[in-house]
Amino acid sequence: MTQRTGAHGERVSLLGYGAMRYPTVDGGHAAMSRGGSNSAIDTAAVQQHIDYCIEHGVNYFDTSPAYCRGESEKVLGDALAKHPRDKWFVATKLSNFAAKTHSFEASRAMYEESRRLLRTDVIDFYLLHSIGGGGKNSMKLFNSRFIDNGMLDFLLKEREAGRIRNLGYSFHGDEAVFRHALSMHDKVHWDFVQIQLNWVDWHHAKEVNPRNVNAETLYNLLAERKIPAVIMEPLLGGRLARLNDTISRRLARLDPNATPASWSFRFAGSLPGVLTVLSGMTYLKYIEENVRTYSPLKPLDATELATLERSAKTFLSDDNVPCTACDYCMPCPYGLDIPGIFSFWNQAVVEDRLPDEPGDPGYAQNRRRFLIDYERAIPRLREAQRCIGCGRCAPHCPQSIDIPAMLRKVDDLVEKLRRNGRA
Ligand code: SF4
Ligand code: SF4
């Protein structure tokens with residue numbers, strides 16, 4: 001396993017285990033935050049994952065009080081406790097999103113609870129969780145969550161006392177907040193920063209939504225200051241693990257045996273300022289594959305990089321929704337399965353299953369197949385047509401997706417297909 005060096009000389013594995021999509025006993029995966037499967041976490045399978053990781057040199061484990069409806073830290077703490085403390089680094093976050101948790105007392109209680117659940121006196125990597133969110137209020141929110149309440153000052157003292165080894169933040173959203181936090185570097189000395197980075201977002205995040213920031217910009221700002229980057233969303237919520245035929249054929253010409261995921265992991269890992277690349281790996285086979293990719297890393301060459309850049313343009317020309325299935329928009333008060341609907345849509349786009357117009361060859365069959373698959377994937381009461389456009393979900397979306405508008409688009413197609421069947 002390729003390793004990188006952290007701000008204080010820690011030798012960190014290039015692959016990091018993201019504890020936000022644990023396997024559940026029904027064979028699915030636990031929700032990252034509030035949506036997803038209601039089934040219990042399969043703690044035996046998680047233990048198997050952690051054991052496998054540690055045996056194969058993966059030593060960075062990332063969690064948050066917000067993941068898996070609050071259960072992630074305890075499950076991880078229990079699984080890690082079976083291994084010597086010098087075999088693993090744990091990262092967790094100050095996930096004080098709700099206004100009632102902004103006070104110093106509530107935020108500090110969250111921090112102390114993390115240490116208790118993770119069964120450790122020392123948190124190796126501690127993050128201000130997801131700064132930059134909140135739309136127009138992003139700066140106000142940053143100040144309210146971390147500055148005005150004295151929490152950042154408190155965390156700096158905790159680092160001084162050795163109870164936090166590395167202090168950093170994760171970022172989604174408003175570039176002004178990212179730059180503002182970086183401008184504090186002289187005083188704070190950020191030890192690492194977590195950013196979204198993959199071969200599509202590298203040059204094109206802003207094309208998807210002007211409020212996004214290209215990953216190259218974020219990475220370079222950190223590299224200039226020699227701040228190690230922790231990478232999230234290397235697979236763009238799994239979407240880069242399912243590539244359309246054009247991209248798959250193009251990549252297969254470079255290496256017929258490489259999997260789609262391996263290209264993404266090699267892309268993120270090839271950047272020298274990257275400390276570790278996180279992945280929420282629900283099944284052991286994903287961990288095995290990613291361990292293989294990084295044991296050791298084979299950096300991308302210029303031809304491979306150029307091919308991925310060309311492929312990013314092809315990827316964006318598809319009708320994809322940039323949803324990473326993070327669940328932050330959930331629950332919808334009207335019961336919609338927002339990530340489920342978008343995941344179904346993206347799969348149909350990748351597999352070129354969106355029906356064409358009536359009269360086109362195979363239309364009747366494609367229409368029928370699409371509707372059967374949609375009805376199987378999304379229960380009637382959770383379909384896009386239930387959206388009343390209240391807009392409560394959209395401000396929570398770190399990808400700045402206009403969720404109600406996109407749901408209307410899905411529903412317009414579904415309704416048209418249903419109408420055409422009745423005609
Ligand atoms: S806009 Fe639609 S999907 Fe979003 S919270 Fe309202 S009803 Fe739910
Ligand atoms: S729509 Fe946005 S908030 Fe909801 S799951 Fe997708 S990326 Fe996450």
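Biologist: What are α11 and α13 to each other, roughly parallel or roughly perpendicular?

Modeller: The axes of helix α11 (residues 260-269) and α13 cross at roughly 115° and come within 12 Å; axes are lines fitted to C-alpha atoms, for helices over the stretch in contact, with angles from 0 to 180 degrees between N-to-C directions. Helices (H or I, at least four residues) and strands (E, at least two) are DSSP runs, numbered from the N terminus. Angles under 35 degrees count as roughly parallel, over 145 as roughly antiparallel, 65 to 115 as roughly perpendicular and the rest as oblique. Therefore α11 and α13 are roughly perpendicular.

Biologist: What kind of model is this?

Modeller: Residues are numbered from 1 along each chain as its sequence is written, chains are lettered from A and ligands numbered from 1 in the order in which they are written, and side-chain values use heavy atoms, with hydrogens and water left out. Local features need pLDDT of at least 70, side-chain atom pairs count only at pLDDT 80 or more, and totals for chains, interfaces and linings use all residues; this is a predicted model.

Biologist: Which residues of α13 meet α11?

Modeller: Contact means heavy atoms within 4.5 Å. On the α11 side the residues are Trp263, Arg266 and Phe267. Their partners in α13 are Glu304, Leu305 and Leu308.

Biologist: What is the handedness of the crossing of α8 and α13?

Modeller: Helix α8 (residues 201-208) and helix α13 (residues 302-317) have axes that come within 10 Å and cross at roughly 25°, which means that α8 is roughly parallel to α13. A crossing is left-handed if the near helix is turned anticlockwise from the far one by less than a right angle, and right-handed if clockwise. The crossing of α8 and α13 is right-handed.

Biologist: How many charged residues does the contact of α4 with α6 have?

Modeller: Helix α4 (residues 138-147) packs against helix α6 (residues 175-183) at about 40°, with axes 9 Å apart. Ser138, Met139 and Phe142 of α4 and Ala176, Val177, His180 and Ala181 of α6 make the contact. Ala, Val, Leu, Ile, Met, Phe, Trp, Tyr, Cys and Pro count as nonpolar, Asp, Glu, Lys and Arg as charged, and the others, Gly among them, as polar. The contact has five nonpolar residues and two polar ones, and the number of charged residues is none.

Biologist: How many nonpolar residues does the shell around ligand 1 have?

Modeller: A residue is near a molecule or strand if one of its heavy atoms lies within 4 Å of it. The residues around ligand 1 include Cys332, Cys387, Cys390 and Cys393, and also Gly389 and Gly391. The shell has no charged residues and two polar ones, and its nonpolar residues number 10.
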